[in-house]
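Visitor: I would like to learn how to read a protein structure. Please take me through it feature by feature.

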Amino acid sequence: MKTPQLENSRRIALSPSYVTGLCEGLASFTYSRNGNGINLRFTLKMQEPDKDLLFSLMLFFGVGNVYHSQPKEDHQDGRGGNWYYCVSKVSDLERLVNHFD
């Protein structure tokens, strides 16, 4: 589920070297086939306590979205689940690639 929670998130100042190290350790560039085409995607997954870092990463790059997956049934309070920062537009992926280049 795409979340509009950016205005409620805590902003974290990120340096370019921190972003590079974070993504090197936790993010991935992947692809999937869709009919005759290929979909490219950059994804970074984190747990609930670190979701603000994903929103800050989205602001750092200026592209992409943050999504929340529904928590498992054993989380009665509605917390839990995973948070994802995803970029899938080719023009937006170019911005990320330029950062890492």
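This is a predicted model: local features need pLDDT of at least 70, side-chain atom pairs count only at pLDDT 80 or more; totals for chains, interfaces and linings use all residues.

Visitor: How many bridges join β3 to β4, and do they run parallel or antiparallel?

Guide: Strands of a sheet pair through backbone hydrogen bonds, either parallel or antiparallel. Here four bridges join β3 to β4, and the two run antiparallel. Two strands count as paired if DSSP finds at least two bridges between them. Residues are numbered from 1 along each chain as its sequence is written, and side-chain values use heavy atoms, with hydrogens and water left out.

Visitor: Which elements does the protein have, and in what order do they run?

Guide: Helices (H or I, at least four residues) and strands (E, at least two) are DSSP runs, numbered from the N terminus. The protein has three helices and four strands. From the N terminus on, they run α-β-β-α-β-β-α.

Visitor: What is the order of the strands in the sheet?

Guide: The four strands form an open sheet in the order β1-β2-β4-β3, with antiparallel pairing. The edge strands, pairing on one side only, are β1 (27-34) and β3. From one strand to the next, the twist averages 35°; angles run from 0 to 180 degrees between N-to-C directions, and axes are lines fitted to C-alpha atoms, for helices over the stretch in contact.

Visitor: How many bridges join β1 to β2, and what lies between these strands?

Guide: Eight bridges join this antiparallel pair. The two strands form a hairpin with two residues between them, and G35 in the turn has a positive phi of about 65°. On the pairing itself, R33 stands opposite I38 in β2.

Visitor: Over how many bridges do β2 and β4 pair?

Guide: They pair over six bridges, in the antiparallel sense. F42 stands opposite V87 in β4, K45 has Y84 as its bridge partner, and Q47 has N82.

Visitor: Is Q47 buried, partly exposed or exposed?

Guide: Buried means under 20% relative accessible area, exposed over 50%, and partly exposed in between (1.4 Å probe, protein chains only). Q47, in strand β2, has 44% relative accessibility, so it counts as partly exposed. A contact means heavy atoms within 4.5 Å. Leaving out residues up to four places away in sequence, Q47 touches G81, N82 and W83. The C-alpha atoms of Q47 and W83 are 5.9 Å apart, although 36 residues separate the two along the chain.

Visitor: Why is α2 described as largely enclosed?

Guide: Nine of the 11 residues of α2 are buried, so the rest of the structure largely encloses this helix. Among the buried ones are L53, L54, F55 and L57. Their cover includes α1, β2, β3 (65-68), β4 and α3. The helix lies across β2, β3 and β4, at about 10° to β4. Just after α2, G62 takes a positive phi of about 75°. Strand β4 is likewise largely enclosed, because five of its six residues are buried.

Visitor: Which residues have the most contacts inside the largest nonpolar core?

Guide: In soluble globular proteins, nonpolar side chains tend to be buried together. A nonpolar core is a set of buried Ala, Val, Leu, Ile, Met, Phe, Trp, Tyr and Cys residues joined through side-chain atoms within 4.5 Å. The largest one here has 21 residues, and F42, L44, L57 and Y85 have the most contacts inside it. At least two residues come from each of α1 (16-26), β2 (37-47), α2 (51-61), β4 (82-87) and α3 (90-100). The largest share, six residues, is from α2. L57 touches L14, V19, C23, L44 and Y85, not counting residues up to four places away in sequence.

Visitor: Which residue forms a salt bridge with E48?

Guide: Side chains of opposite charge can pair when their charged atoms come close. A salt bridge is a side-chain nitrogen of Lys or Arg within 4 Å of a carboxyl oxygen of Asp or Glu. By this rule the count is one. K51 pairs with E48, with the closest N and O atoms 3.6 Å apart.
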